[in-house]
Amino acid sequence: MPVVYLGAGRADGSDWAAFDYEQGGRLAATRLIGRGCKRLAYLTPYAYGIDRHDEPRHVGFAAVCAENNVSQTMITTREEETRAAGLEAGLKIATLPLSERPDGIFCHNDMLAIGVYCGLRRAGVRVPEEIALVGYDGIEEGLYLDVPL
């Protein structure tokens, strides 16, 4: 029976298909920069060491930022890919001084982005006018926000 695995390559040589996460990161940065964002952030649930910034979404995102001389920072949640972790991050981001606050955020996934959106909005931050937001996944729930992802 023919089998195709989704997600990652396999050692047994089976056919597989996966997303191009690095290209997704590049597209997210390009979109935010195209909106005029100058201070970008990548929100991730993974704590990277000082020498480990190799998550493909971040690699593509950081490359486009560097190519366009746009500052970018990494914000780490409490190692969860949940709405709750995103909400917590959004509330914290909203308290940053304007000079330190990103004006564009790329979230590791849509669950985090939905939480960030809710946290920012609860804190009175206008999305996307003050902070533009991009998720990664395209889950249906993102379409039902006041400002869809």
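P128 sits in the loop between α4 (110–122) and β6 in this predicted model. The peptide bond that joins V127 and P128 is cis, with omega about 10 degrees.

Two further backbone features concern phi. N69 has a positive phi, near 50 degrees, and is a residue other than glycine. D137, likewise not a glycine, has a positive phi of about 160 degrees.

Helix α2 covers residues 56–67, has 12 residues and reaches 17 Å from its first C-alpha to its last, close to the 16 Å expected at 1.5 Å a residue. Its buried residues are R57, H58, G60, F61, A62, V64 and C65. In an α-helix there are 3.6 residues a turn, so residues three or four places apart point the same way. The elements that cover the buried residues of α2 include α1 (21–34), β3 (39–44), β4 (71–76) and β5 (104–107).

At the N-terminal end of α2, the cap is E55, with a side-chain oxygen 3.0 Å from the backbone nitrogen of R57. E55 belongs to the loop between β3 and α2. Is E55 buried or exposed? At 10% relative accessibility it counts as buried, because buried means under 20%. The E55 side chain also makes a polar contact with the side chain of Y42, at 2.8 Å.

The largest pocket has a volume of about 220 Å³. It is lined by 13 residues, and R31, L133, V134, P148 and L149 are the closest to its centre. The elements that give two or more residues to this lining are α1 and β6 (132–134). Which of the elements gives the largest share of the lining? That share, 3 residues, comes from β6. By class, the lining of the largest pocket has 10 nonpolar, 1 polar and 2 charged residues.

Definitions and conventions: Residues are numbered from 1 along each chain as its sequence is written. This is a predicted model: local features need pLDDT of at least 70, side-chain atom pairs count only at pLDDT 80 or more; totals for chains, interfaces and linings use all residues. Side-chain values use heavy atoms; hydrogens and water are left out. Helices (H or I, at least four residues) and strands (E, at least two) are DSSP runs, numbered from the N terminus. The expected span of a helix is 1.5 Å times one less than its number of residues. Buried means under 20% relative accessible area, exposed over 50%, partly exposed in between (1.4 Å probe, protein chains only). Contact means heavy atoms within 4.5 Å. A polar contact is a pair of N or O atoms within 3.5 Å; within protein, one must be able to donate a hydrogen and the other to accept it, and residues adjacent in sequence count only if both atoms are side-chain atoms. On a 1 Å grid over the protein atoms alone, a cavity is a set of points where a 1.4 Å probe fits but cannot get out, and a pocket is an open set with protein on both sides within 12 Å along at least five of seven lines; lining residues have an atom within 4 Å of a point. Grid points are joined across faces, edges and corners, and a volume is the space filled by probe spheres set on the points. Ala, Val, Leu, Ile, Met, Phe, Trp, Tyr, Cys and Pro count as nonpolar, Asp, Glu, Lys and Arg as charged, and the others, Gly among them, as polar.
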